[in-house]
Amino acid sequence: MSGIDVDALGRDDSWEGVRALVTGFGVSGFAAADTLTHLGASVIAVDSSEGDAARREQATLLRILGADVRLGPGATDALPDDIDIVVTSPGWRPDTPLLAEAAERGIPIWGEVELAWRLRGPDAAPWLVVTGTNGKTTTVQMLEQILLAAGLRARAVGNVGTPVLEAVMDPEGYDVLAVELSSFQLHWTSSMSAEAAAVLNIAPDHYDWHGGADAYAAAKGRVYENVQRACVYNVADPVTRRLVEEADVIEGARAIGFTRGVPGLSELGVVDDLLADRAFVENRAEQAAELGSLDDLYADAPHVIENALAAAALARAHGVEPAAVRAGLRAFRPGPHRVAEVGRIGGIRYVDDSKATNPHAAGAALSAVESAVWIAGGLAKGATFDGLVEGARDRLRAVVLIGRDRSLIAEALARHAPEVPVVEVETGEDDLMDRVVEVASSFAVDGDTVLLAPACASMDQFTDYAQRGELFAEAVRRLAERT
């Protein structure tokens, strides 16, 4: 080790002499390695995968700039000597041997988000941060639209796709950042002080990574630490309120709830189909500000309303006027694979919610339809499905199961919805989704929704949830052509 105190270094300091190890060479890993190289650090970037052509091209670019990029089998087997700082990609678990050894040696381990926070300039944009088990991307994109409608230079960053570090180092700068953070990212973040932060919900997910429910919730709760103005929580989810109560915030920060019901003091909610703010108005004991109506939203499903209220609360904490909240919510449209209708055949709707990678998200999708032929399965990530099936059984026409852990869902269906027909599709061939869609369509009747909401991760059979959704949409189109 060089003996340099990396905690004391910022964006305007020279990092010359610092030996930095970047673990993982994905989107955030490249951003970290690139930034540290430009700051003057001696960078070693490692990943056990060689990556696709684009990643290999980025590796070549960094090597030209002086970084030592090691990709492929064996690259992550050992911790290099004399490392001053490790910047890890969010998916790396703390018990990964290389990280465990770094921790044992007393080497600081940061995530890309922690590095980004420490490299903010003196006039840096405040952060409005969103986390939760489900709805993060939709909420942070709603927030971005609201901020843009207010005339602010804003950008949605973080787990939504654009690394936070890239935005922080942008030479033009931003007025405010809408930041989506996963539990993985928050685990490796310690010094962040958001202007306002929201935990949308807490439901079983990633227990295998964190080691259990308490550790998972605690990781989410880190988003509230050192919050400056507002800790936004879900009134219907008592765990989110508890996380606010346990947080060590900046003096003066307020707890702000959101609810689909009539809002109480310091809450945002719904009154006669209007979105109402009783938190950021002068006389909140007697008055509320109208922020829009349910008709302004792209859908009136319960989770969409909650996401809109959370986004509105964060924007209001930043000082955005009600008119801009309404304009932003009207302008917002969800990204692909999030309750997206991909076709209609006769009176049957086909909906792609491949982004529903856990039971809580699938439950939200199922609650928005009256009768569904449900397509589910994949990698369970330690989740259980009894609660999901119990809540959805009256909406299920039939279920089509795929993926490695489909038996877990089948067992929950047998326990709680034995009358619902279940078909397991085992083929791993290229025509998997064609077979799935054909089977699902054979059960569906006019008025039904064939819903891909897997409640599981996708990597056992697909590259990611996006490929899963795209193959589903293509299969629906082919079926429509044959019908």
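How close do the axes of helix H1 (residues 27-39) and helix H2 (residues 53-65) come, and at roughly what angle do they cross? That's where I'd like to start today. The axes come within 10 Å, and the crossing is roughly 15°. By axes I mean lines fitted to C-alpha atoms, for helices over the stretch in contact, with angles running from 0 to 180 degrees between N-to-C directions. The helices (H or I, at least four residues) and strands (E, at least two) are DSSP runs, numbered from the N terminus.

Before I go on, a word on what we're looking at. This is a predicted model, where local features need pLDDT of at least 70 and side-chain atom pairs count only at pLDDT 80 or more, while totals for chains, interfaces and linings use all residues. Residues are numbered from 1 along each chain as its sequence is written, and side-chain values use heavy atoms, with hydrogens and water left out.

Okay, back to the H1 and H2 pair. These two are roughly parallel to each other; angles under 35 degrees count as roughly parallel, over 145 as roughly antiparallel, 65 to 115 as roughly perpendicular and the rest as oblique. H1 passes H2 in a left-handed crossing, the convention being that a crossing is left-handed if the near helix is turned anticlockwise from the far one by less than a right angle, and right-handed if clockwise. On the H1 side you've got Val27, Phe30, Ala33, Asp34, Thr37 and His38, and they meet Arg55, Gln58, Leu62 and Leu65 in H2. Contact here means heavy atoms within 4.5 Å. By class, that contact has five nonpolar, three polar and two charged residues. For the classes, Ala, Val, Leu, Ile, Met, Phe, Trp, Tyr, Cys and Pro count as nonpolar, Asp, Glu, Lys and Arg as charged, and the others, Gly among them, as polar.

Staying in this region, look at strand E1 (residues 19-23). Four of its five residues are buried, so E1 is largely enclosed by the rest of the structure. Buried means under 20% relative accessible area, exposed over 50%, and partly exposed in between (1.4 Å probe, protein chains only). E1 pairs with strand E2 (residues 42-47) in the parallel sense, over five bridges, and threonine 23 stands opposite valine 46 in E2. Two strands pair if DSSP finds at least two bridges between them.

In the loop between H1 and E2 sits glycine 40, which is partly exposed at a relative accessible area of 34%. Leaving aside neighbours within four places in sequence, glycine 40 is in contact with Trp15, Glu16 and Gly17.

Now the sheet. Nine strands form an open sheet with mixed pairing, and the order is E7-E8-E6-E9-E10-E11-E12-E13-E14. Strand E7 (154-158) and strand E14 (289-293) are the edges, each pairing on one side only. From one strand to the next, the twist averages 20°. Inside it, strand E9 (residues 196-199) and strand E10 (residues 230-234) run parallel and are joined by three bridges; alanine 196 has alanine 230 of E10 as its bridge partner.

What lies across strand E6 (127-131), E7 and strand E8 (176-180)? That's H5, running at about 170° to E8. Helix H5 (residues 136-149) also packs with helix H12 (residues 322-331), at an angle of about 130° and with the axes 7 Å apart. That makes H5 oblique to H12, and the crossing is right-handed. Met142, Gln145, Ile146 and Ala149 in H5 meet a set of H12 residues including Ala324, Val325 and Leu329. The contact of H5 with H12 divides into eight nonpolar, two polar and no charged residues.

One more helix pair: helix H16 (residues 432-443) and helix H17 (residues 465-482), with axes that come within 8 Å and cross at roughly 60°. H16 is thus oblique to H17, and passes H17 in a right-handed crossing. By class, this contact has seven nonpolar, one polar and five charged residues.

Most residues other than glycine have a negative phi. Valine 339, though, has a phi near 50°; it's in the loop between H12 and strand E15 (340-345), partly exposed at 33%. Lysine 381 has a positive phi of about 60°, and belongs to the loop between strand E17 (372-376) and helix H14 (386-392). Is lysine 381 buried or exposed? At 17% relative accessibility, lysine 381 counts as buried.
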